[in-house]
Amino acid sequence: MLARWKGQILATPVTLWLLLAFAAPLAVVVLLSLHEYADPFGPLFLPPSLAQFQLVLGDGFYVGVLVETLLLGAGVTLLSAILGFPLALWLVRVPSKWRALAFMVILIPLLTNVVVRSLGVVLLLAPDGLINGVLGLLGIGPFNGMLYNHVAVAIALAQVFMPFIVLALYDVLQGTSPRVYEAATSLGASPTMAFWTVRFPLAFPGLRAGIIVVFLMATTAYVSAKLLGGGRVWTTGMLVWQEAISNLNSPTASALALLMTFASLAFAALVGWGFAKLMPWQSLKPRGPTLTLPVWAMRLLDLVAPILSRLLVACALGLLILPLILVCIQSVNNVPQGTSAAWKGFTLRWYELVFTQGGYTESFVVSVQLALAATGFALAISLPAAFALTRFRFPGISALSMFWTLPLSLPGVAIGIGMLRLLQLFYTVPTFVGLMALHVVLVIPFSISLLVASVQQLDRAQEEAAQSLGADGIRRFVLIVIPGLMPGLVASGIMAFLMSFGEVTVTSFLTNARTTTLPVRIYAEATFVLEPTVYAVSASMMLVTLLALVVMNRVFSVDRLHVR
Amino acid sequence: MNRRTFGKLVLGAGVLAPFHFVRPALAQPAPGDELVVGIWGGVQERIVREYVEKPLVEKYGCTVSYVLGGTGERRARAYAERGRPSFDVLYLNIFESRQAVADGVTQAPTDAVPQFENLYDMAKLGGYGVALNPVTIAYKGSKASAPITSWKDIWKDEWKGRIAWPTYPGAEGTAGLLMTSLAWGGDEKNLDLAFQKIQELKPFAALQTSADQAFQMFDQDIADLTIEFGSLSRKQSDTVNSDIAIADPTEGLCPAMNVACITEGARNQVLAEEWINLHLSEACMQAYMREAYYSPTVKNVAIPDDFKDKLLTPEQIGRMPAFDWEYVAQQQTAWSSRFNREIAG
């Protein structure tokens with residue numbers, strides 16, 4: 001009897017959590033979107049009206065921004081996939097003694113505040129920036145038009161989100177047995193043929209997860225677009241923020257957010273459907289479309305692939321690391337304002353300010369506590385959900401999985417709008433607990449997405465063998481499933497921690513004087529006049545992360561966790 | 001009124017009378033009280049911690065906690081919390097503070113703050129003005145054929161394609177709209193002309209969203225002219241890019257001001273008033289002058305000799321136009337919609 005309801009039982013914790021902590025603000029957003037006009041002090045329940053949706057859909061400007069955002073998201077996703085795939089392959093092939101270091105290269109950018117990373121990209125692309133400096137040495141340029149356009153925003157967003165696709169791909173790529181490639185090459189497949197027919201299709205689960213995550217995040221982002229778009233690049237996130245916060249017009253902002261969510265979910269469904277068609281083996285269907293390339297293309301790729309892949313890896317690493325190096329340099333630059341790129345002399349006064357004033361240390365501790373708590377809860381409820389999605393079929397599972405993805409596709413600022421109306425209710429629970437509950441909500445789509453890819457890669461034969469030898473469910477879970485899932489759990493845990501640690505949009509609405517997180521503090525610094533203290537904080541964070549990872553690697557042999 | 005009713009009223013008044021005398025005592029700050037202040041981060045936070053929090057804590061044994069962030073988030077929260085505020089004091093811009101009073105979110109200023117009587121008149125509206133930082137035209141002196149003396153000079157051919165116009169809403173974007181209208185014969189009630197004139201300036205080199213971004217565009221030769229806070233521009237000119245010139249147009253500078261507001265229903269009214277009085281003290285005002293080049297909002301503070309030429313003169317303050325800020329705040333949604341379509345789009 002219990003076995004019959006196993007799928008539903010596994011799906012229950014995450015569903016309940018989302019109903020408690022996410023459905024309420026979402027319902028508020030829906031109710032607000034049905035208001036006929038804006039009234040910040042009016043009641044929440046009013047006779048429903050479609051005026052806001054008619055306003056948005058009947059306005060060329062709003063529709064244009066929606067389309068622009070979707071196209072920008074698609075561009076960022078494509079760029080992240082093109083750069084991220086070779087980087088994930090490189091990560092898999094790195095000798096194990098260097099793997100932890102290679103992982104740090106991917107992880108450290110994720111711990112750096114998105115404001116600071118975007119400013120790092122500004123310092124990279126600026127007319128007197130690093131790229132133009134190097135080109136100048138070669139007698140080329142300078143190019144003044146690299147900043148404040150869609151390409152600059154796409155590059156900045158790829159810098160911010162590419163690590164997510166790399167980690168999703170890495171988990172799947174390193175989980176595939178090397179014997180599969182050996183078999184392909186022993187049957188005469190060239191490297192390109194082996195990649196195209198074996199390695200690439202087998203990476204589809206990770207690619208699918210990464211594409212969906214990056215697309216949804218890119219379409220809801222607004223910080224990078226604001227900093228690098230020069231006021232010319234509009235995203236729906238920016239419009240939602242402007243309507244809700246600057247204009248106190250929550251109804252229009254809510255309608256915009258919901259329409260963007262529908263569009264994003266439609267894209268995610270399309271991606272899922274497309275990949276399902278490309279992976280007929282997963283549904284045990286006999287046939288499906290096959291990826292084929294003409295022979296001449298295979299030969300050409302055999303020739304250029306070694307150079308091309310190295311070039312792409314170099315570009316990907318450069319994009320991830322160079323802005324951070326510039327951030328470190330800026331942290332000791334004796335300029336009065338953070339955006340003054342010209343070198344004015346060495347100083348440590350920004351570090352002095354960080355460590356002697358401003359409460360950065362307390363904020364750091366709050367952020368770490370919050371991120372640890374959110375990660376623990378998110379993993380605990382996401383793992384059963386991943387099994388429910390992967391191994392069970394029951395009525396409503398598709399709708400549930402869509403519901404679990406919703407927090408990712410709804411702009412963070414929209415959740416903030418919903419919570420603003422629930423502030424008095426929110427304050428009845430301790431702020432830390434309330435923030436943790438919301439961080440778990442924001443992290444869940446990532447955890448589930450990554451864990452689903454990992455569960456799909458589990459070797460069921462091992463479990464069946466253990467069962468045939470008499471191991472009960474608990475023993476199988478502890479001795480077979482958990483070790484098999486460890487890379488996915490680690491990747492998911494790290495991702496959840498980083499997501500929670502860096503979250504600023506929703507947190508900045510709900511934080512109080514005693515629970516100010518580090519990103520909120522950095523954001524607060526940046527909203528008035530950007531002082532180089534934010535660079536000093538970020539550089540210190542990078543150093544702390546590097547040291548922590550090195551110590552973890554020595555004590556706990558972290559790199560072993562990445563090997564199945 | 002019959003005798004029985006009159007008797008009840010007298011009895012009720014008798015019962016409540018002692019409370020009238022006790023209430024001021026209850027309202028007095030007690031050690032351990034927590035004052036919650038919503039303010040910008042960076043130099044603003046550092047100055048108030050040093051010159052306002054320290055003396056306040058020394059006097060009352062209270063604690064001060066800060067909610068940091070941008071004006072937008074702070075205002076949105078204050079509106080959401082109307083009637084049950086979590087802030088005691090919050091800092092807003094000039095037009096948002098006026099609107100917040102009208103909307104019953106914050107209190108109008110009163111002489112319960114002793115420094116109130118020394119505030120300039122324009123600093124008594126919508127709260128307690130704590131820093132004057134009007135908006136003007138900042139440009140590269142080396143690129144100008146002659147110093148800019150009027151807002152109309154922006155339309156000279158030499159600036160075509162080299163302007164970083166500020167986005168709207170925001171203090172700089174608001175100034176851009178209002179002063180354009182004023183310069184070309186309009187006012188805040190008729191911005192059609194301003195929108196038309198600003199469209200004539202297109203294409204812009206960029207649209208800037210903050211002072212930092214504008215100065216970065218100057219440093220990197222992306223733009224040569226923008227509309228910015230005079231205080232920040234002056235500091236940038238003194239410390240980073242000496243080529244930056246700050247205009248003093250004949251039409252005046254556009255008023256902009258940081259305003260400290262006490263929320264309606266603040267839990268620590270006396271502490272909040274004392275906080276603001278300390279913010280208007282000479283020590284704090286002078287720190288503002290030195291650190292941020294902000295001009296004082298009170299008349300009874302000494303201006304250091306070496307800063308006299310960096311701050312507003314009384315003549316400049318007198319020349320600043322007076323706008324109907326409540327009307328400006330009410331029009332924000334309509335104007336931002338129009339700006340997005342006609343200027344930014």
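**Entry 1: ground rules**

I start with a term I need for the sheets: two strands pair if DSSP finds at least two bridges between them. Helices (H or I, at least four residues) and strands (E, at least two) are DSSP runs, numbered from the N terminus. I am working on a predicted model, where local features need pLDDT of at least 70 and side-chain atom pairs count only at pLDDT 80 or more, while totals for chains, interfaces and linings use all residues. Residues are numbered from 1 along each chain as its sequence is written, chains are lettered from A and ligands numbered from 1 in the order in which they are written, and side-chain values use heavy atoms, with hydrogens and water left out.

**Entry 2: one sheet in chain B**

I looked up the strand order of an open five-stranded sheet in chain B and got β7-β6-β8-β5-β9, with mixed pairing. Its edge strands are β7 and β9 (244-246) of chain B, each pairing on one side only. From one strand to the next, the twist averages 35 degrees.

Then I zoomed in on one pair: β5 (residues 135-140) of chain B runs antiparallel to β9(B), with three bridges between them. Opposite B:A138 I found B:I246, in β9(B).

**Entry 3: another sheet in chain B**

Here the order is β2-β1-β3-β10-β4 (chain B), again five strands in an open sheet with mixed pairing.

Strands β3 (residues 89-92) and β10 (residues 257-262) of chain B are antiparallel and joined by four bridges. I traced B:V89 to its bridge partner in β10(B), which is B:I262. Helix α9 (residues 269-279) of chain B packs on this sheet, touching β1 (34-39), β2, β3, β4 and β10 of chain B, and its direction makes about 160 degrees with that of β10(B).

**Entry 4: where chain B meets chain A**

How many residues does each chain bring to the contact? I noted 55 from chain B and 57 from chain A. Together they bury about 4,900 Å², 52% of it on carbon and sulfur atoms. Buried area here is the accessible area (1.4 Å probe) that two parts lose on being put together, summed over both. In chain B, the residues losing the most area to chain A are B:E73, B:D212 and B:Q220, together 14% of what that side buries.

The rule finds two salt bridges across this interface; a salt bridge is a side-chain nitrogen of Lys or Arg within 4 Å of a carboxyl oxygen of Asp or Glu. B:E45 makes one with A:R521, the closest N and O atoms being 3.3 Å apart. Several elements of chain B give two or more residues to the side touching chain A, among them α2 (43-60), α3 (71-80) and α13 (332-344). The largest share, seven residues, comes from α3(B).

**Entry 5: a salt bridge inside chain B**

I counted on to the whole structure: it holds 23 salt bridges over all chains. I picked out B:K54 and B:E50, whose closest N and O atoms are 3.1 Å apart. They are separated by about one helical turn because they sit four residues apart in helix α2 of chain B.

Which peptide bonds came up as cis? The bond from B:Y168 to B:P169 is cis, with omega near 0 degrees, and B:P169 lies in the loop between β6 (163-166) and α5 (171-183) of chain B. B:K202 and B:P203 are also joined by a cis bond, with omega about 5 degrees. I placed B:P203 in the loop between α6 (192-200) and β7 of chain B.

Last, B:D221 has a positive phi, near 60 degrees, though this residue is not glycine. I found B:D221 in the loop between α7 and β8 of chain B.

Technical notes
Contact means heavy atoms within 4.5 Å. Axes are lines fitted to C-alpha atoms, for helices over the stretch in contact, and angles run from 0 to 180 degrees between N-to-C directions.
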